Structure formats: structure tokens, C-alpha cells
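Keep the structure open beside the text and find each residue as it comes up.

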Amino acid sequence: MAFAGGVFVSSTEVKQRKMRCLLLAALVGMAFAGPAVHFDDKFDDGEEWENRWVHSSAKGSEGAKFKLTAGKFYGDAEKDKGIQTAMDARFYHASASFDAFSNEGKTLVLQFTVKHEQKIDCGGGYIKLFPTGLDQKKMNGDSKYYVMFGPDICGYSTKKVHVIFNYKGDNKLIKKDIPCKDDELTHLYTLILRSDNTYEVKIDNERVEGGKLEEDWDMLAPKEINDPDQSKPSDWVDEEKIDDAEDTKPEGYDKPEHIPDPDAEKPEDWDNDVDGDWEAPMIDNPDFKGEWKPRQIDNPKYKGPWVHPQVPNPAYEADDSLYRYTDVGAVGFDLWQVKAGTIFDNILVTDDAEYAAKVGKETWGATKGPEKVMKEEIDAKAAKEAKAAEEANKEESDETKEGDEASEEAEDEEDSEDQDEEETPRDEL
């Protein structure tokens, strides 16, 4: 027996009370626990970033290394520093490792900023999550990865956000088309992968796409398939319109599309024996009315499109763990760029979407405005200098033209004087 709260209680009840207190404390601790931040790199410690990141020596990436810079325009000279692709027409392979983690039962958030200040014409701007065991010094496009996410631009036809997940060894591409930003400013890209097998893509902290993994990726076999024992009936009519049997072709539709030119004449030097029989060239027939087609009417036998009956697919197997990766251990870039200059920054891997949004607001959100102002000032200055140069070139061209005209006039005067001297009679000399 023990004395507690003014009354005697058994030792068993005392133990139960202690267990309840410990459990309550644990629950409170979990409720107030901060987000799990697996990787966070703002490149704000100078050249120390090179101690965290490993450049691969894979074939094709020789000499292609990232450099630390805020670029030609920025919102904050220090906070906006990131790593930039520095050489044109190169592969870039660089990665950073961290303590391995599993996202089982948790949310996985991958977030970073991208600035294509070079006005990219063709190149990737995406990031990858790798499993533990990645050979960083040999990392290349064939290295296994779990997630690939971010913008990809090439010409006018490709301007999209890649979202690729590895599922059972195969890289699965999203079936939806997500447009990316294609200007020269910094943009925030966020991928949220949830444990209920749903996802969300955000650009600049705004949702642009989302849904279910099973629906938007071909990870699983389809739930239903066409019934192999069913086929379209032979008497099924799926032609909605038919020709009107009572419609007849009007007069004048028998005219040919082209006729011999009535104004053409056989050349005088035409020799039938040598050149063959002469034929007038063909011209468009002004009386041609086009191809006649009978009027279309509703088909009284039309039954609508035939839909193949569906049956459960015996190959379908549900999977509640489409989202799960058990040993995420590195983040990195595997890129090809024709024109270098892209800056990557604010790379974050966490389990808290709200925290990621907060970080995005504090980083990209704080400097996007001043960055845009600086960009506009630079563009305005460049436009002013270009206009001044154009005017100077025009003025120089006008002066050159005037000089040329003056020279021509002087030459004409000299020629005229020489001619006058030649025409002067000898007796006047």
C-alpha cells in the first residue's frame, strides 16, 4: 500500500498511474515535436558547401562543376547565393548525403528554388532523391534514384515539371502535364508525398497539381480489364450519321477541276516530231464546284458507341505503400544543359509540409520582390544602352554616308575639270 492524494492506494495502482503519466508525457512530446529536417542547404556558409557536395567524375561531366553565386540579379546578395551551372553543353552530376531515413507512415517533402537567369533554351532544372549506398563520385544518369522532381525546358515544345517515382525498380512518369515557369526569375518548387498515397505539387507556394498516386502513375496493373469473353455484336451500328438516300447531285457538279487554258497558243517554233504533240497548259476551272457529297442525316439504326464490358483484373494487386521509401540517403543533381547559368538554392528535405511552406516564405518569399525590382532595373539599363548604341551607330552611318557622298561629288568635279581641259582647243593654250 502507498499513500497518494490523501488516500491509501495499492502498489499496482501506483504503477498504473505512473504509466499513464509517462504515456501522457510522450503524447504531449509528440504533439509539440518539431518537424524532422533530413537535409537543409541554403548555401549560406561560403565555400563550406564544397565539403557537403561531391562532384561526380562520370563520363560527360568532365570539368562541369557548380559555382557559388547569387547571379547577375538578386533580392539579397548573401541570402540568394546558390550553386550555379557554369559551363555550356555539359552534364552536371553532384550530390550530398545525409543520415538515412524512411518515410513510412510519414509525409515526405522535397523543396528547392530554381533560377534560370541565362534564359535557358534547353536543359534540366530538376533534383533527385537517392537511396543510401549511392557512389557519389561515380553518380550519373544511370544511378538508381527514388524521386526526380523539377522543371525541364527544351525549346518551345518542352516546358514541364517532372515528377518521377521509382516503383519496384522502374521509374514511373506522371501522366499529367504540369507546366513549369520559363522566365529568368527565381521560383520555388515543392513536392509533397503523403502516406495515404496522395501527392501535391506546388510552385511558388501555390498548389498547381495533386491527386492519387495510383491514378496519376502507372504503378499498378489496372483494376479492371476488357472482358475477354465479350465482343461487339455483329449487328451493332455505331455510325451516327448516314447519307440521305433521297438527296441528289445538283446540275453543274460534273465540271472538271482543271481545264485547258483557252488563251494558250502553240509556240511558233514547236516541232511535233521533236517536241511531241502540243497540249495547252491546264488552269483552274472557274465553273468547278468541288466534290459533291450527299447530305448527312441521323441514322435510325444508331445504337451509340459500343463499350466493352469490364471485369476484375486478376493481375491487380492493391498496394498501400506506393509512397514508401525505406532508405533515403542523398540528394543531388543529374542534369544536361546546353546553356549554363541555372542557380539552385534552398534545398529542403523534411516531413512537414507546413514547415516547408514557412521556409519557402522566409527564403524565396522574402527576396522575390527585391529580385524582380533589380532585374527590371538591369533590363531597363540594358535597353537604354542598346538604344543609345543604336542611335550612335545610326549617326556614325549617316556621317559615313555623307562623307562618301562628299567624296563622290569631289571626284565628279575633278572628272569634269579633266574633261574640260581635254576639250580646250590647242590654239587657246
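Phe 66 and Phe 333 are both buried in this predicted model. Their rings form one of the aromatic pairs, and the count of such pairs comes to 18. The ring centres of Phe 66 and Phe 333 are 5.8 Å apart and the planes meet at 50°, so this pair is tilted. To find the two residues, look for Phe 66 in strand β5 (residues 66-69) and for Phe 333 in strand β23 (residues 328-337).

Phe 112 belongs to strand β8 (residues 108-116) and Tyr 189 to strand β14 (residues 186-193), so the pair ties together parts that are 77 residues apart in sequence.

Rings can have charged neighbours too. Which residues lie over the face of Phe 73? One is Lys 115, at 4.6 Å from the ring centre. Another is Lys 375, at 5.6 Å from the ring centre of Phe 73.

**The disulfide**

Next, turn to the sulfur atoms. How many disulfides does the count come to? The count comes to one disulfide. The bond joins Cys 122 to Cys 154, with 2.0 Å from S to S. Why is this disulfide called left-handed? The torsion about the S-S bond of Cys 122 and Cys 154 is about -85°, and so the disulfide is left-handed. Cys 122 sits in strand β9 (residues 122-124) and Cys 154 in strand β11 (residues 147-154), so the pair ties together parts that are 32 residues apart in sequence.

Are these two cysteines buried or exposed? Cys 122 is buried, with a relative accessible area of 18%, while Cys 154 counts as partly exposed at 31% relative accessibility. Another cysteine to look up is Cys 180, which counts as buried at 11% relative accessibility.

**Space inside the fold**

The structure also holds three cavities of 30 Å³ or more. The largest cavity has a volume of about 100 Å³. Which element gives the largest share of its lining? That is α6, with four residues. The elements that give two or more residues to this lining are β8, β24 (342-350) and α6 (364-423).

Residues lining the largest cavity include Asp 80, Thr 113, Lys 115, Asn 346, Trp 364 and Glu 371. By class, the lining has two nonpolar, five polar and five charged residues.

**Some single residues**

Strand β15 holds Ile 203. The C-alpha atoms of Ile 203 and Thr 113 are 9.6 Å apart in space, although the two residues are 90 residues apart in sequence.

For a contrast, look at Ala 315 in the loop between β22 (310-312) and β23. The C-alpha atoms of Ala 315 and Pro 222 are separated by 8.1 Å, with the two residues 93 residues apart along the chain.

The table lists the accessibility of these single residues.

| Residue | Relative accessible area | Class |
|---|---|---|
| Asn 197 | 12% | buried |
| Asn 346 | 9% | buried |
| Ile 203 | 6% | buried |
| Ala 315 | 52% | exposed |

Why does Ala 315 count as exposed? Its relative accessible area is 52%, and exposed means over 50%. Ile 203, at 6% relative accessibility, counts as buried because buried means under 20%.

Definitions and conventions: Residues numbered from 1 in each chain as written. Predicted model: local features only at pLDDT ≥ 70, side-chain atom pairs only at ≥ 80, totals over all residues. Heavy atoms only, no water. Phe/Tyr/Trp six-rings, centres within 6.5 Å; stacked < 30°, edge-to-face > 60°. Buried < 20%, exposed > 50% of the residue type's maximum accessible area, 1.4 Å probe, protein only. Lys NZ or Arg CZ within 6 Å of the ring centre and 35° of its normal. Disulfide = S-S within 2.5 Å. 1 Å grid on protein atoms, 1.4 Å probe; cavity = no way out; pocket = protein on both sides within 12 Å on 5 of 7 lines; lining within 4 Å. Points joined across faces, edges and corners; volume = space filled by probe spheres on them. Nonpolar A, V, L, I, M, F, W, Y, C, P; charged D, E, K, R; others polar.
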